[in-house]
Amino acid sequence: MNEETKQEKHYICKGGCKGVSPLPGVCQAPDCANHNHELVECNCTDGLHNDFK
Ligand SMILES: [Zn+2]
Ligand SMILES: [Zn+2]
């Protein structure tokens with residue numbers, strides 16, 4: 001059993017706040033461009049959330 005620890009599916013905000021949630025929902029950061037917008041499903045295993053920059 002040498003498998004690396006894998007993150008479970010999670011949800012991220014791409015509005016700039018870099019919010020991450022284990023559950024679907026909306027961004028709750030008041031100063032984020034995507035405040036109250038739905039979080040995006042993410043399946044990354046490296047914690048980088050794909051195109052987060
Ligand atoms: Zn946000
Ligand atoms: Zn991710």
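Begin with the open sheet of three strands, whose order is 2-1-3 with antiparallel pairing; strands here are DSSP runs of E with at least two residues, numbered from the N terminus, and two of them pair if DSSP finds at least two bridges between them. Strand 2 and strand 3 stand at the edges with a single partner strand each, so one side of each has no neighbour in the sheet.

This is a predicted model, in which local features need pLDDT of at least 70 and side-chain atom pairs count only at pLDDT 80 or more, while totals for chains, interfaces and linings use all residues. Residues are numbered from 1 along each chain as its sequence is written, and chains are lettered from A and ligands numbered from 1 in the order in which they are written.

Next, select strand 1 and strand 3, which run antiparallel and are joined by three bridges; Y11 has E41 in strand 3 as its bridge partner.

Then move to K18, in the loop between strand 1 (10-12) and strand 2 (20-21), where phi is near 60°, a positive value in a residue other than glycine. Most residues other than glycine have a negative phi. K18 counts as exposed because it has 12 C-beta neighbours inside 10 Å (buried means 20 or more other C-beta atoms within 10 Å, exposed 12 or fewer, partly exposed in between, with C-beta atoms placed from the backbone).

Select N36 in the loop between strand 2 and strand 3 (40-42): its phi is positive, about 70°, although N36 is not a glycine.

Finish at C44, in the segment after strand 3, whose C-alpha atom is separated by 7.7 Å from that of K9, 35 residues apart along the chain.

How values were computed
Helices (H or I, at least four residues) and strands (E, at least two) are DSSP runs, numbered from the N terminus.
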